Amino acid sequence: MNFGYTDIYLAIATDDIEALHDFYSQLLEQQADVYRPSVYAEFRLEKLRLAIFKPKTQRQSEFVNTGSSLSLCLEVEDLDRAIALLTELGYPPPGEVIDASHGQEIYGYDPAGNRIILHQPT
């Protein structure tokens with residue numbers, strides 16, 4: 001059953017739009033398609049929109065310590081280059097590359113502590 005959705009995107013709540021905007025601009029190697037400083041940034045990728053927003057003051061408590069297990073997974077062509085970029089941005093992955101049945105991956109984190117999985121398929 002189709003309920004009429006027209007798009008799917010991932011949204012990240014943060015108090016520091018500028019830090020995440022700058023981080024993802026460099027990580028994704030593109031500028032935000034929509035950018036309203038201190039309020040909202042949106043990157044339109046080939047198959048996903050990544051939105052970063054600051055919750056309104058009366059809603060901020062809903063986004064504190066949620067303990068989410070959600071991860072942003074980026075499939076890459078060159079895992080070593082992706083690791084080098086995260087490191088250059090000041091957020092080196094804390095662990096080692098993992099050999100999985102579907103390729104290699106490593107976990108990293110953005111400035112707000114959200115987990116990023118860099119994955120290079122076999």
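**Exercise 1. Find which residues leucine 118 touches beyond its sequence neighbours, and decide whether leucine 118 is buried or exposed.**

Step 1. Set aside residues up to four places away in sequence; leucine 118 then touches Leu74, Val76, Leu79, Ala82, Ile83, Leu86, Gln104, Glu105 and Ile106. Contact here means heavy atoms within 4.5 Å.

A word on the model before going on: this is a predicted model, where local features need pLDDT of at least 70, side-chain atom pairs count only at pLDDT 80 or more, and totals for chains, interfaces and linings use all residues. Residues are numbered from 1 along each chain as its sequence is written, and side-chain values use heavy atoms, with hydrogens and water left out.

Step 2. Strands (E, at least two residues) and helices (H or I, at least four) are DSSP runs, numbered from the N terminus.

Step 3. Check the accessibility. Leucine 118 is buried because its relative accessible area is 1%; buried means under 20%, exposed over 50%, and partly exposed in between (1.4 Å probe, protein chains only).

**Exercise 2. Work out which members of the largest nonpolar core touch the most other members, and which elements supply the core.**

Step 1. The largest one has 25 residues, and Tyr24, Leu27, Leu50 and Leu118 touch the most other members.

Step 2. Now the suppliers: at least two residues each come from β1 (9–13), α1 (17–27), β3 (40–44), β4 (49–53), β5 (72–75), α2 (79–88) and β8 (115–121).

Step 3. Zoom in on leucine 27. Skipping neighbours within four places in sequence, leucine 27 contacts Leu74, Leu85, Leu86, Leu89 and Ile116. As background, nonpolar side chains in soluble globular proteins tend to be buried together.

**Exercise 3. Find what lies around the side chain of aspartate 110.**

Step 1. Look in the loop between β7 (103–109) and β8, where aspartate 110 lies.

Step 2. Aspartate 110 is buried but has none, and the nearest side chain of opposite charge, arginine 115, is 11 Å away. For charges, Lys and Arg count as positive and Asp and Glu as negative, while His and the chain ends are not counted.

Step 3. Try backbone nitrogens instead. A polar atom of the aspartate 110 side chain lies 2.8 Å from the backbone nitrogen of alanine 112 and one lies 2.9 Å from that of asparagine 114.

Step 4. Beyond four places in sequence, the contacts of aspartate 110 are Ile12, Leu20, Phe23, Tyr24, Tyr91 and Ile116.

**Exercise 4. Find how many aromatic pairs the whole structure holds, and sort out their geometry.**

Step 1. The search turns up 2 pairs. Rings of Phe, Tyr and Trp (its six-membered ring) pair if their centres lie within 6.5 Å; planes under 30 degrees apart are stacked, over 60 edge-to-face, and the rest tilted.

Step 2. Phenylalanine 23 and tyrosine 24 have ring centres 5.0 Å apart and planes at 90°, so they are edge-to-face.

Step 3. Phenylalanine 23 and tyrosine 91 have ring centres 5.4 Å apart and planes at 85°, so this pair is edge-to-face too. Phenylalanine 23 lies in helix α1 and tyrosine 91 in the loop between α2 and β6 (98–100), so the pair ties together parts 68 residues apart in sequence.

Step 4. Put together, Phe23, Tyr24 and Tyr91 form one aromatic cluster. Phenylalanine 23 is buried at 3% relative accessible area, whereas tyrosine 91 is partly exposed at 30%.

Methods: A nonpolar core is a set of buried Ala, Val, Leu, Ile, Met, Phe, Trp, Tyr and Cys residues joined through side-chain atoms within 4.5 Å. A salt bridge is a side-chain nitrogen of Lys or Arg within 4 Å of a carboxyl oxygen of Asp or Glu. A polar contact is a pair of N or O atoms within 3.5 Å; within protein, one must be able to donate a hydrogen and the other to accept it, and residues adjacent in sequence count only if both atoms are side-chain atoms.
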